[in-house]
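This report describes the strands, side-chain contacts and surface of one protein model. The sequence and structure are shown first.

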Amino acid sequence: MKVWDPEAENWNYIPEEDVPLALPDPNEQDSPDKITIIDDEGVPKTYIKVADPDGDEDEFVYILDDGVPLGAPETADTSSILLWGGLCLTSMQGIVALWPRKKRKDEEEE
């Protein structure tokens, strides 16, 4: 069977008899950190072992490795939403204040 390895960016060939059909217990000492299994429809799926967010520190679970990050990245953005909201409101007030004046000038010129 041909399996894509994203870390090495190439295809790996695994004999069909070596591909597991079910996930092993992730809490066993010799369980792999990354495993590819064949689901019921014959599609290969790769799982990674992570610490169980609902369990103890020593508990692990397998999650589907589909390229989705496991949380929002830190941005170090410390700006206040009130500051940006106030700036937006002030800008809108300026636009509203200038809009009627421009209209009156246009009417006087005609």
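## Salt bridge

A salt bridge is counted where a side-chain nitrogen of Lys or Arg lies within 4 Å of a carboxyl oxygen of Asp or Glu. The model discussed here is predicted, and it holds 1 salt bridge.

The partners are K49 and D33, whose side chains meet at 3.8 Å, N to O. K49 belongs to strand β4, whereas D33 lies in the loop between β2 (10-13) and β3, so the contact ties together parts that are 16 residues apart in sequence. In general, side chains of opposite charge can pair when their charged atoms come close.

## The sheet

An open sheet is formed by 3 strands in the order β3-β4-β5, with antiparallel pairing. The edges are taken by β3 (34-38) and β5 (60-64); each has a single partner strand, so one side of each is left without a neighbour in the sheet. On average, and with direction ignored, neighbouring strands of this sheet are turned by 35° against each other.

Strand β4 spans residues 44-51 and is joined to β5 by 5 bridges, the two strands running antiparallel. Within this pairing, K49 has Y62 in β5 as its bridge partner.

Pairs between aromatic rings are another matter: a search of the whole structure finds 0 of them.

## Nonpolar surface patch

On the surface, L83, W84 and L87 form a nonpolar patch. Together these residues have about 350 Å² of accessible area.

Terms used: Residues numbered from 1 in each chain as written. Predicted model: local features only at pLDDT ≥ 70, side-chain atom pairs only at ≥ 80, totals over all residues. Heavy atoms only, no water. Phe/Tyr/Trp six-rings, centres within 6.5 Å; stacked < 30°, edge-to-face > 60°. Pairing = 2+ DSSP bridges. Helix = DSSP H or I, 4+ residues; strand = E, 2+ residues; numbered from the N terminus. Axes fitted to C-alpha atoms, helices over the stretch in contact; angles between N-to-C directions. Patch = residues over 30% accessible without salt bridge, like charges linked within 9 Å, V, L, I, M, F, W, Y side chains within 5 Å. Areas by Shrake-Rupley, 256 points an atom, 1.4 Å probe, with all protein chains shown as cover.
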